[in-house]
Amino acid sequence: PWKTPPWPHQRDAVAYAYARPAVLLDVIMGGGKSKIAIDTVFQRGHKRILVSCPKSVVPVWEAQLERHAPANYLFAALDTGSVPKNLTRAKAALQEAEGIEVPCFLATNYEALWREPLGSYLLVNKWDCVVFDEIHRGKAPGGRASRFMYRLSFQATQRIGCSGTPLPHSPMDAYGVYRALDASIYGTNYKKFVESYAILGGFENRQVVAYCNTAEFRQKFDSIRFHVGKEVLDLPEAQ
């Protein structure tokens with residue numbers, strides 16, 4: 001069931017995501033990434049959904065659910081007030097949703113995601129789906145958010161990453177993104193990843209001066225990626 005009719009590329013993207021435990025929706029701005037993720041969640045029958053996104057995007061998710069969700073659901077924003085209050089809000093929302101048998105969407109931002117005591121609670125619970133919106137925010141391998149996203153991935157049956165710019169600076173950005181989606185693709189050793197796909201030089205031999213094994217890199221990158229480019233920009237108003 002669809003509440004809002006999908007564009008052809010959105011229908012194809014949902015079919016692609018439906019069949020995979022991990023997917024990167026590499027969709028240009030205006031291509032309807034959130035609708036694709038929402039439709040995938042409802043098509044797969046997920047009940048416990050955690051959304052991590054930039055703080056300014058949390059209310060956007062609430063609006064997108066109101067617009068596109070084809071069935072009843074419960075939404076709770078975990079980005080206001082203290083972290084303990086957000087934890088209380090999360091527990092109450094999940095309990096209420098379970099009682100009335102509807103999907104529960106919890107949305108928080110990358111800076112709040114890992115903070116205690118919310119972080120520990122998220123890691124001891126099982127999630128049907130974790131959506132990392134603007135997933136490139138977790139590209140820094142040593143960043144707290146990035147490391148937490150990797151740990152969280154073990155608790156999720158499905159991981160959906162959304163970004164129009166998954167490699168904002170260089171191919172090296174793929175490591176943190178894919179570690180959160182499917183760590184088996186590029187592994188969990190950043191040093192080995194760099195040695196596999198980059199040529200170092202410059203000061204103390206620490207600067208990336210060129211890239212290597214690009215065909216292998218691209219084959220792995222495309223293995224869970226659904227790409228939608230500027231060819232869809234002549235579509236109607238963005239959904």
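A residue counts as buried under 20% relative accessible area, as exposed over 50%, and as partly exposed in between, with a 1.4 Å probe and protein chains only. By that cut-off Asn86 is buried, with a relative accessible area of 4%. This is a predicted model, in which local features need pLDDT of at least 70 and side-chain atom pairs count only at pLDDT 80 or more, while totals for chains, interfaces and linings use all residues. Residues are numbered from 1 along each chain as its sequence is written, and side-chain values use heavy atoms, with hydrogens and water left out.

Asn86 is found in helix H4 (residues 83–100); helices (H or I, at least four residues) and strands (E, at least two) are DSSP runs numbered from the N terminus. Leaving aside residues up to four places away in sequence, Asn86 touches Ala77, Leu78, Asp79, Thr80 and Gly81, where contact means heavy atoms within 4.5 Å.

The sheet is open and has 7 strands in the order S3-S4-S2-S5-S6-S1-S9, with parallel pairing. Two strands pair if DSSP finds at least two bridges between them. Strands S3 (74–77) and S9 (225–228) are the edges, each pairing on one side only. From one strand to the next the twist averages 15°. Strand S2 (residues 48–53) is joined to strand S5 (residues 127–133) by 4 bridges, and Val51 has Val131 in S5 as its bridge partner.

Axes are lines fitted to C-alpha atoms, for helices over the stretch in contact, and angles run from 0 to 180 degrees between N-to-C directions.

| Helix | Partner | Angle |
|---|---|---|
| H2 (residues 33–44) | S6 (156–163) | about 165° |
| H7 (residues 144–153) | H8 (residues 174–181) | about 25° |

The axes of H7 and H8 are 7 Å apart. Angles under 35 degrees count as roughly parallel, so H7 and H8 are roughly parallel to each other. In this contact Ser146, Arg147, Met149, Tyr150 and Ser153 of H7 meet Gly176, Arg179 and Ala180 of H8.

A nonpolar core is a set of buried Ala, Val, Leu, Ile, Met, Phe, Trp, Tyr and Cys residues joined through side-chain atoms within 4.5 Å. The largest has 47 residues, and Phe193 is one of those with the most contacts inside it. Phe193 touches Pro171, Met172, Ala174, Tyr175, Tyr186 and Phe217, not counting residues up to four places away in sequence. Apart from that core lies another, of 30 residues, including Val51 and Ile160.

Terms used: Parallel < 35°, antiparallel > 145°, perpendicular 65-115°, else oblique.
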